Amino acid sequence: MAKMAAPIVEHGEDVFRKLFRFYKRRNPPPDFSEVVAAELDRNVLSDDAAKRAGLRAVRDWRAYSLQGHPGFIFISNPFLPGSQQHWVKQCLKTYPQKPNVCNLDMHMSPAETENIWEKSIGGFRKKGKQDPKTLLEKLRWVTLGYHYNWDTKTYSPESRSPFPPDLHALSRCLAAVCGFPGFSAEAGILNYYRTDSSLGIHVDESELDHTWPLLSFSFGQTAVFLLGGAKRQDAPTAMFMRSGDVMVMSGPSRLLYHAVPCLVAAPASEPLPSCLGARPTEDAAEDALVRPVSEQDWEVCSRYLLTSRVNMTVRQVLGPGRTFEVATRPGASPHAETRRGYDDDGAEEATSNAKKSRSGSECTLSS
Ligand code: SIN
């Protein structure tokens, strides 16, 4: 992440040169505390544990922070070759299955939204431009664990299904390295972007405990991610989210405005990011979290990703030892009254473009 350019000349001395000399100094050695880089706890995840989770050894991760946004951590694709495929397949084939909830459930019967993958792949493999959209192509979101209610912008104990153990374990590893040991994934929102999709400006504040981070994993086509401030008026920073990238919003950055205005067209020379096609370099261990994806399944996934991006966001809803009843008791949560949920900025855009919202009544992911 780039620092803001400093004035070239300050008090007669070139400030660039001043800083250059500061870091070049050997004796005494420079103080590195001002260098922009994310603090990772590199000792909490052994190389073996990282490998089991399909992740590179933590010493090889490239992690960045953003000046002015403490708690925001960007990790450039920490996944081992082949393991992104597992998460893509889970998002397309496994996680949309019942009892998880998806946007199609808002206007289709349970029988119609059963087996989305199986109902889609035939049409998807031999698809011509005139063919009707498959269910997979109509998928916009899936919720896991505590199912986010788009209308009330709340979670509730009545609407909950088991959180996928593999994503729970991956999230635990990532959160621990970022300084949050004990993180427990309780809710997930998976976002499915087609080339013309966007996600409106919003703050993720419906969780009842904001001391836990929000984790976000990106796969497939590149997106532009806008990270703003605590107020809508604060100028946002634009950054690319590429396949495999992980973003963590925590501490003072947990409640910042953010949005995804567009996907970036892939170059014709590389329609799919090469890191996605890579096959595992070693056989998976017995107890590995991620399993190799079959060629048939990957054929479908990779075709889908030519025009799509999949994003998994993972949240802890409750504080340690808290139950829902206590947390939602009036006055028990300082956030209960202030929770505003998603911004519906995209609704205007979606309405004027006759586009569909992902929630039915509230447009966040439009395309
Ligand atoms: C993203 O798609 O990168 C962001 C998702 C979200 O804010 O929910």
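A residue counts as buried when its relative accessible area is under 20%, as exposed when that area is over 50%, and as partly exposed in between (1.4 Å probe, protein chains only). Helices (H or I, at least four residues) and strands (E, at least two) are DSSP runs, numbered from the N terminus. This is a predicted model, in which local features need pLDDT of at least 70 and side-chain atom pairs count only at pLDDT 80 or more, while totals for chains, interfaces and linings use all residues. Residues are numbered from 1 along each chain as its sequence is written, and side-chain values use heavy atoms, with hydrogens and water left out.

**A strand with two faces**

Let us start with strand S12 (residues 246–249). Val246 and Val248 point one way from S12, Met247 and Met249 point the other way, and all are buried. Two strands pair if DSSP finds at least two bridges between them. S4 and S12 run antiparallel and are joined by 4 bridges; Ile73 has Val248 as its bridge partner in S12. Strand S9 (residues 214–220) also pairs with S12 in the antiparallel sense, over 4 bridges, and here Leu214 has Met249 as its bridge partner.

**Around the ligand**

Which residues come nearest to the ligand? They are Tyr193, His202, His258, Arg309 and Asn311, out of 14 residues around the ligand. For this shell, a residue is near if one of its heavy atoms lies within 4 Å of the molecule. The shell divides into 5 nonpolar, 6 polar and 3 charged residues. Strands S7 (187–194), S8 (198–202), S13 (258–263) and S14 (308–315) each supply at least two residues of the shell, and S14 gives the most, with 4 residues.

| Residue | Polar side-chain atom to ligand oxygen |
|---|---|
| Asn191 | 3.5 Å |
| Tyr193 | 2.4 Å |
| His202 | 3.1 Å |

Taken alone, the ligand exposes 260 Å², and the protein buries 98% of that. Such areas come from the Shrake-Rupley method with a 1.4 Å probe.

Most residues other than glycine have a negative phi, and most peptide bonds are trans. Asn77 is not a glycine, yet has a positive phi of about 25°; Asn77 lies in the loop between strand S4 (72–76) and H3 and is buried, with a relative accessible area of 13%. Lys153 has a phi near 60° and is also buried, at 18%. A cis peptide bond joins Asn27 and Pro28, with omega about -5°. Another cis bond runs from Lys98 to Pro99, with omega near 10°.

**Salt bridges**

Side chains of opposite charge can pair when their charged atoms come close. A salt bridge is a side-chain nitrogen of Lys or Arg within 4 Å of a carboxyl oxygen of Asp or Glu, and by this rule the count comes to 10. Arg52 and Asp287 meet in a salt bridge (3.6 Å, N to O). This pair links distant parts of the chain, 235 residues apart. Lys93 and Asp297 meet in another (2.9 Å, N to O). Lys93 in helix H3 and Asp297 in helix H8 are 204 residues apart; Lys93 counts as partly exposed, at 24% relative accessibility, whereas Asp297 counts as buried, at 12%.

Methods: A polar contact is a pair of N or O atoms within 3.5 Å; within protein, one must be able to donate a hydrogen and the other to accept it, and residues adjacent in sequence count only if both atoms are side-chain atoms. Ala, Val, Leu, Ile, Met, Phe, Trp, Tyr, Cys and Pro count as nonpolar, Asp, Glu, Lys and Arg as charged, and the others, Gly among them, as polar.
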